[in-house]
Amino acid sequence: MLVALSPSREESVTAATNPEDARASELIRRILDESPLKAASFIVTIYGDVVEPRGGIAWIGNLIETCADVGISETLVRTAVSRLVAAGQLSGEREGRRSYYRLSHSAGSEFAAAARVLFSAPEESGWQFVHVMGPAIEDAMQALKRAGHARLNDRLAVGPARATATVPALVFRAEPPQDPKALQEFASEYWDLTVHAEAYAIFLAQFGALLGSATSVSFSPSMALTIRLLLVHRFRAVHLHDPRLPSGALPDDWPGKAARKLFARAYRQLSPAADAHVARTFVTASGPLPASTATTELRLEMLAHEAF
């Protein structure tokens, strides 16, 4: 696993002539030292951020070039792609001497669900108790945990009343207590919020230093895409593991709020240059990927009211 940046000759010239790129390169190195990347996971981020909203297929050369900018070697990329194919997330196809990889239908559905969590405004949900039925208790409990629920006993869990994994169960809707302090104490007893707060704090420290509080950025297009991919990669890892409890159950100084605001603002600021780089470099057998689509525009619109 590599963490050093591997800029091309063009990138080296850009970094030398663009102070913002030079500063970003150093800060990215620090981020990668603190949070090393795994090739397969980063490729999933590339598909989710760049490829999926533009049709779901990409040339492997683009994956290799993009991963090189964060120090992931071509060998690691090819190995990771092979594993993603074996796992049923990608399928390969050839056109001449070039190999292209397309998202599988099941992976596309997973990516769409994750995108709704990342780009849609958080919904204020109520609460529910879930009594698991049937013999596969542990599998059901793990699915509920991934959906933000906490286990109360062998078959009973409690969590936010939003769409969850389908498990055989009886579901009881619950009204939250009127005393906000009591609700916060209840949440702190059944969820380990400290680990999520720490993860958000690291995200804020890393990307706050990288992006600052400026209302605009002046990175080169290729650097803007690299930063945006790292932004999405880290925020996805933190936010999708967060149980995303209703706001009344969270501490008043919950860092997830500031982290989401930073993500929304930074994503919107980076996107014009990043999307221009995508259109200039990413290709399929039928031609280049577009700079924007209805899906990419919708993502920016959904983040607009959270960015400021």
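**A chat about strands and helices**

Colleague: Let's start with strand 6, residues 156–160, in this predicted model. Is strand 6 largely enclosed by the rest of the structure or largely open, and how many of its 5 residues are buried?

Modeller: A residue is called buried when its relative accessible area is under 20%. Strand 6 is largely enclosed by the rest of the structure, because the buried residues make up 4 of its 5.

Colleague: Nice! Now to the open sheet of 3 strands: what is its strand order?

Modeller: The edge strands, each pairing on one side only, are strand 1 (57–59) and strand 2 (90–95). Strand 1 pairs with strand 3, residues 98–103, in the antiparallel sense over 3 bridges. Putting this together, the order is 1-3-2.

Colleague: And which helix packs on that sheet?

Modeller: Ile-57 has Arg-102 as its bridge partner in strand 3. The helix that packs on the sheet touches strand 1 and strand 3, and its direction makes about 70 degrees with that of strand 1. Its residues are 60–68, and it is helix 4.

Colleague: Is Thr-284 buried or exposed?

Modeller: Thr-284 is found in strand 8, residues 283–284. Leaving aside residues up to four places away in sequence, Thr-284 touches Ile-57, Tyr-100 and Leu-289, and its side chain makes a polar contact of 3.1 Å with that of Ser-286. Since its relative accessible area is 11% and the cut-off is under 20%, Thr-284 is buried.

Colleague: Where does helix 11 bend, and by about how many degrees?

Modeller: Helix 11 covers residues 255–281. At 1.5 Å a residue, its 27 residues should span 39 Å, which agrees with its end C-alpha atoms being 36 Å apart. Pro-272 follows the bend within four residues. The bend is at Ser-271, by about 50 degrees.

Colleague: One last thing: what is the phi of Arg-244?

Modeller: Arg-244 lies in the loop between helix 10 (221–239) and helix 11. Its relative accessibility is 23%, so Arg-244 counts as partly exposed. Although Arg-244 is not a glycine, its phi is positive, at about 50 degrees.

Technical notes
Residues numbered from 1 in each chain as written. Predicted model: local features only at pLDDT ≥ 70, side-chain atom pairs only at ≥ 80, totals over all residues. Heavy atoms only, no water. Pairing = 2+ DSSP bridges. Helix = DSSP H or I, 4+ residues; strand = E, 2+ residues; numbered from the N terminus. Contact = heavy atoms within 4.5 Å. Axes fitted to C-alpha atoms, helices over the stretch in contact; angles between N-to-C directions. Buried < 20%, exposed > 50% of the residue type's maximum accessible area, 1.4 Å probe, protein only. Polar contact = N/O pair within 3.5 Å; in protein donor to acceptor, adjacent residues only side chain to side chain. Expected span 1.5 Å × (residues − 1). Bend = angle between axes of the 7 residues up to and from the residue.
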